[in-house]
Amino acid sequence: MNIKNLNSFLKLGYFLDYKNKDISIDVSNIDKQKYQDADENELIHIGSKLWEESINSHFRINQKHLVPISGGLDSRAILAGLLEHTEAKNIYTYTFGTP
């Protein structure tokens, strides 16, 4: 572990230079410096826009949607994103993980 990896994990929640001998992930096409100089407000704006685009690209009108709720923020964010596009009656959820 080096300081760059530690800082990236603390700031981003993941290691920029992640290495796993058992799983090969090709990150050669990722520009690791792209947002290096962006301030917090810019990153929030960019991230919000990317999140909305992701929800829009996967949302299907007139279909039911299933969201597994783990208790973490990711599943709740997906649920909130879907609720921006459809009524709750079109979304099914189930809880899994630790009771």
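1. The largest pocket comes first. Its volume is about 900 Å³. The model is a predicted one, and the volume is computed from it. A lining of 27 residues surrounds this pocket. Those lying nearest its centre are Leu12, Tyr14, Leu16, Lys32 and Tyr35. Two elements give two or more residues to the lining: α1 (3-12) and α2 (40-58). The largest share, six residues, is from α1.

2. Leu16 is among the residues nearest the centre of the largest pocket. Leucine 16 belongs to the loop between α1 and α2. Its relative accessible area is 25%, so leucine 16 is partly exposed; the cut-off for buried is under 20%. Beyond its neighbours within four places in sequence, leucine 16 contacts Asn5, Ser8 and Lys32. Lys32, too, is listed among the residues nearest the pocket centre.

3. Is serine 24 buried or exposed? Its relative accessibility is 76%, so serine 24 counts as exposed; the cut-off is over 50%. Isoleucine 44 is 20 residues away along the chain, and the two C-alpha atoms are separated by 29 Å.

4. Now the core. Which residues form the largest nonpolar core? There are five: Phe59, Val67, Ile69, Leu82 and Ile91. In soluble globular proteins, nonpolar side chains tend to be buried together.

5. Valine 67 is one of those five core residues. Leaving out neighbours within four places in sequence, valine 67 touches Ser75, Ile78, Leu79, Leu82, Ile91, Tyr92, Thr93 and Tyr94. Leu82 and Ile91 on that list are core members too.

6. Aromatic pairs: the search of the whole structure returns one. The partners are tyrosine 94 and phenylalanine 96. Their ring centres are 6.1 Å apart, and the planes meet at 40°, so the pair is tilted. Tyrosine 94 is also in contact with valine 67.

7. How accessible are the two partners? Tyrosine 94 counts as partly exposed because its relative accessibility is 40%. Phenylalanine 96, at 42% relative accessibility, is likewise partly exposed.

Terms used:
Residues numbered from 1 in each chain as written. Predicted model: local features only at pLDDT ≥ 70, side-chain atom pairs only at ≥ 80, totals over all residues. Heavy atoms only, no water. 1 Å grid on protein atoms, 1.4 Å probe; cavity = no way out; pocket = protein on both sides within 12 Å on 5 of 7 lines; lining within 4 Å. Points joined across faces, edges and corners; volume = space filled by probe spheres on them. Helix = DSSP H or I, 4+ residues; strand = E, 2+ residues; numbered from the N terminus. Core = buried A, V, L, I, M, F, W, Y, C linked by side-chain atoms within 4.5 Å. Buried < 20%, exposed > 50% of the residue type's maximum accessible area, 1.4 Å probe, protein only. Contact = heavy atoms within 4.5 Å. Phe/Tyr/Trp six-rings, centres within 6.5 Å; stacked < 30°, edge-to-face > 60°.
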